[in-house]
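Dear colleague,

Please find below the structure that I am handing over to you. My notes on what was found in it follow directly after.

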Amino acid sequence: MTHYSPFQLFEQPVDRTSSNSIKWSKYKDRDILPMWVADSDFRVPDAITEALHRHVDHGIFGYGHPPARLTELLIERMKLRYDWTIEPEWIVYLPGLVCGLNLAVRSLTEDHQGVISPKPIYPPFMSSVKLARRSLSVSPVTLQNNRWLMDLAQTEVLPESKLLLFCNPLNPGGTVYHRDELLALADFTEHHDLYVCSDEIHCDLILDKAAKHIPFASLNKNAAQRSVTLIAPSKTFNIAGLGASMAIIPNPILRRRFIKTKAGIVPDVNVLAYTAAQAAYESCQPWLEHQLDFLRQHREKLEQEINALPFLKLHHIEATYLAWIDASALPVTSPFKFFEQAGVGLSPGADFGNSRFVRLNFACCSKTLDEGLRRMRAAIESLT
C-alpha cells in the first residue's frame, strides 16, 4: 500500500489561476481569496492521474458503456461502507448530480404537482423546481439541539405535493442525519405519500468519527421503493470537472420514468470520467482517509477561530468541507459583500436562502485558510 503524507498531499499550494478553474477565475487579477464553490484545492490521488494517463495514451475516445468493474466497485462500496445492498440494474449513470435533481423533479412529478425542498439548501434544489415549473413548498432547516435539521413539524405540505428533496449530509450545515431522524422522515413521506430524492454526494466526507452515514433508501423497503438516491465520487476525490454521478433507483417504475425523462436530453458520461471514477473507488481509500484527517484539523481551527470573533457564529460541522457561518449579528447590509471587500470570496447565503449567512470552503492548504481567517478577523476588528 502506498504511504501518503498528509503534508505532502494537502499542504502544498497548487496554482489554479491559469487552469480554467471557475473557482479561481471568478476573482482573477483581484486580491480576493476564492473560498466559495464546493471544489477543493487538493491534487487528486496519483491512482486517478495514472489511470487517466493510460486512457489518454491509448489515443481513442469513442463512445463507451459504464464499466462493469465500476458497477461492481459501487455495489461493494455501498455494502462495505454503508451497509446497503444494491443491485446493478438500480444504477443509472449521469454526467453530474445537478442533472439528477432536475430529472427527479421532472420524472417523479406531473405538471400539476409540487415539490418540497429544505431551506436554506444547495441552490440547485430550488432552481430544479423553478425550471420544471412545479409548485414549491418549504421545509425550514432550523437549529435543533445545535444541529441543522429539517423541521418536519413546520414543513409546508400542499395538496399537490408529491416529491420531497432531501440532502444528507446537509449542504449547507454539515449535519449527518441519525437513524431516528431518518426514520421520522420516512414516516413523514409515507404519511403524505411523497417520493424522495436524496442528495448524498457528501456521504464520504464524514468528519465526526462517531457519525455514520445512513442512506435514506437503506432504512427499509418502503423507503427504498419511494426514493432516488444521488451520489458521486466528485466531491470526495475532487473530480467534479470530469462529471460522473449515479442515481440509485430500486423501484423499477420510477427508474423507467427517470430514464425516459433523461433520454435524448442528458448525455452519456464521458469515458474519462468513468476512468477516473473507477480508479477513485478502486485504489484511493488511503488518500481519502488522510484527506479526512486533514479536513478535521481545518474544521477544528475554523470552529475555534470563527467563534472567537464578535458577530459570527459557527455551529459544529459533522461532515463536508463547507462551513455555514451565521453572520446575522454583523452590523452590515451584506455579510457576503463585506467579506468580499476584505479579500475573502465566500458563497453568499442568499443563494441558499438566507442572506445573513455565508458559506466557507475549507478544503484548501493551511496557508490559504490562515490568510482567509486573518482577513476576516481584520475586517471584524475594523468594526469594533
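Cys 167 is buried, since its relative accessible area is 2%. Please bear in mind throughout that this is a predicted model. Cys 167 takes part in no disulfide, and the nearest cysteine sulfur, which belongs to Cys 197, is 9.9 Å away. A search of the whole structure likewise finds zero disulfides. For Cys 284, the closest cysteine sulfur is that of Cys 203, and because the two sulfurs are 15 Å apart, they are too far from each other for a bond. Cys 284 counts as buried because its relative accessibility is 0%.

In soluble globular proteins, nonpolar side chains tend to be buried together. Here the largest nonpolar core has 76 residues, and the members that touch the most others are Leu 360 and Phe 362. The element that gives the most to this core is helix H11, residues 271-283, with eight residues.

What is Leu 360 in contact with, once its neighbours within four places in sequence are left aside? The partners of Leu 360 are Met 35, Leu 302, Tyr 321, Leu 322, Ala 323, Ile 325, Leu 346, Leu 369 and Met 376. There is also a second, separate core of 50 residues, and among its members are Leu 101, Leu 103, Met 126 and Phe 352.

**The largest pocket**

The largest pocket holds about 1,200 Å³ of space. Its lining is made up of 49 residues, and those nearest the centre of the pocket are Arg 16, Asp 39, Asn 238, Ala 240 and Gly 241. By type, the lining comprises 25 nonpolar, 13 polar and 11 charged residues.

Several elements each supply at least two residues of this lining: helices H2 (22-25), H3 (46-58), H5 (97-108) and H9 (234-237), together with strand E13 (347-348). Of the contributions to the lining, the largest share comes from H3, with three residues.

**Glu 76**

Glu 76 is located in helix H4, which covers residues 68-82. Is Glu 76 buried, exposed or partly exposed? Glu 76 counts as partly exposed because its relative accessibility is 44%, a value between the 20% limit for buried and the 50% limit for exposed. In sequence, Glu 76 and Tyr 281 are 205 residues apart, while in space their C-alpha atoms are 9.5 Å apart.

With kind regards

How values were computed:
Residues are numbered from 1 along each chain as its sequence is written. This is a predicted model: local features need pLDDT of at least 70, side-chain atom pairs count only at pLDDT 80 or more; totals for chains, interfaces and linings use all residues. Side-chain values use heavy atoms; hydrogens and water are left out. A nonpolar core is a set of buried Ala, Val, Leu, Ile, Met, Phe, Trp, Tyr and Cys residues joined through side-chain atoms within 4.5 Å. Buried means under 20% relative accessible area, exposed over 50%, partly exposed in between (1.4 Å probe, protein chains only). Helices (H or I, at least four residues) and strands (E, at least two) are DSSP runs, numbered from the N terminus. Contact means heavy atoms within 4.5 Å. On a 1 Å grid over the protein atoms alone, a cavity is a set of points where a 1.4 Å probe fits but cannot get out, and a pocket is an open set with protein on both sides within 12 Å along at least five of seven lines; lining residues have an atom within 4 Å of a point. Grid points are joined across faces, edges and corners, and a volume is the space filled by probe spheres set on the points. Ala, Val, Leu, Ile, Met, Phe, Trp, Tyr, Cys and Pro count as nonpolar, Asp, Glu, Lys and Arg as charged, and the others, Gly among them, as polar. A disulfide is a pair of cysteine sulfur atoms within 2.5 Å.
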